[in-house]
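Subject: Model for your attention

Dear colleague,

I am passing on the structure we spoke about, and below it you will find some notes on what came out of it. Please read them with the model open beside you.

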Amino acid sequence: MNLTIMPNLLSGTVTPPPSKSQAHRYLIAAALAGEPSGIENLEDSQDIQATRWCMQTMKHSSRRIAEFNCLESGSTLRFLIPIALALRGGGRFTGHGRLMERPQQPYFDLFDEKGVRYELKNGFLTVEGRLSPGTYRLPGNVSSQFVTGLLYALPLLPGDSEIVLTTELESRSYVDMTLEALSTFGVTASWTDARTLAVPGGQSYAPATVRVESDWSQAAFWFAAMSLGSAIEVAGLRQLSAQGDRVIREHFVRLSLPGNEEIDLSNCPDLAPPLAAMAVLRRGDTRLVNAGRLRMKESDRLTSITAALNALGANIEAGSDSLVVHGVEALPGGCTVDCWNDHRIAMMTAVAATRCERPVALLGAECVAKSYPNFWDHYQMLGGEVREHSGK
């Protein structure tokens, strides 16, 4: 789907979709509980559909090595690999886009140590073996998703285990969100020190009734629109949320003032696109640092953020693990921007286009369905003017 976005500030009240991160965690725990659970405020983005389908396969497939299509969901893939080993002795995983290019080395190093067989070939990852209770050492600076995957699987083993981080944990808030979800479904795991998690074995998941809270990661794009001059009220957010991306409130305040700023993205990498949009017109330079992991998202986001916003007239430089946004006085627009098949690049560009002087053509705008299927409906509800067109 290709769209032309007309320059127009937004106004009104919007409620972001349910938290994708929390929904993944609740769906997996509910499926492991066996008995029916109640999950309210659940929206079927493509990533959530992937987790739904894969958990159905986990429970019901009669194949010895079941196949799990994770679409483009990194959470689904990394969460389910150890669960499949614990419950089924393995599985065959695949996906779309760049998913199977994302790093899995922390798991591979563990599998070498634990005697789990694995093969990554032609876009399929096959793992075979059984997890055993014990110590699981892995780095904390690649992705917290590896820690979450183990936290779901290890309680199902017959003995106690521990997860030991060999480097400082980035995105710790996502692990804390996992611990909160486990507790809600009757499973215990806890920090014993800054780098060690104790995971008792022999546990079972219990059904629960939960409500998925609104997503701070998606709300960040509306905060970016506000930073660029739109009069938006974002409703439905839990102020004391475990979601790490709630820090967008603090960054919104910081970037509303002139001057040079530096923001560390090690614990909130998904905020890079809305933060970059916030920074394009501010007076001063904005440095987004510790962002190397962005190169292995749905797109190489250090490259795609730079390309998309510079096409509008911004002045951004990409480093090996950073972005520097030099504020400009105006965004000319009048250009065509590729979404790079990346939902967050599409939403970032749409928000930045509200301040362009001329219309912006957006190619591949349907990619927002990965995380925010109603984004374009909400954008137009707030007064955004969008016209669908064909061709490039």
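A cavity here is a set of points, on a 1 Å grid over the protein atoms alone, where a 1.4 Å probe fits but cannot get out, whereas a pocket is an open set with protein on both sides within 12 Å along at least five of seven lines; lining residues have an atom within 4 Å of a point. Grid points are joined across faces, edges and corners, and a volume is the space filled by probe spheres set on the points. The model is predicted, with local features needing pLDDT of at least 70 and side-chain atom pairs counting only at pLDDT 80 or more, while totals for chains, interfaces and linings use all residues. Residues are numbered from 1 along each chain as its sequence is written, and side-chain values use heavy atoms, with hydrogens and water left out.

The count comes to 2 cavities of 30 Å³ or more. The largest cavity has a volume of about 50 Å³, and among the residues lining it are Pro-18, Ser-19, Lys-20 and Ser-371.

The largest pocket holds about 480 Å³ of space. Of its 29 lining residues, Ser-75, Arg-102, Gln-145, Asp-270 and Lys-297 are the closest to its centre. Helix H3 (74–88) is among the helices that each supply at least two lining residues, and H3 gives the most, with 4 residues; helices (H or I, at least four residues) and strands (E, at least two) are DSSP runs, numbered from the N terminus.

Turning to the strands, E15 (residues 285–289) and E17 pair in the antiparallel sense over 4 bridges, where pairing requires that DSSP find at least two bridges between two strands. Strand E16 (residues 315–318) is also antiparallel to E17, again over 4 bridges, and a hairpin joins E16 to E17 through 4 residues. Leu-323 in E17 is the bridge partner of Leu-288, while Val-325 in E17 stands opposite Ile-316.

Ile-316 is also touched by Leu-309, whose other contacts (heavy atoms within 4.5 Å) include Val-280 and Met-348, not counting residues up to four places away in sequence.

With regards
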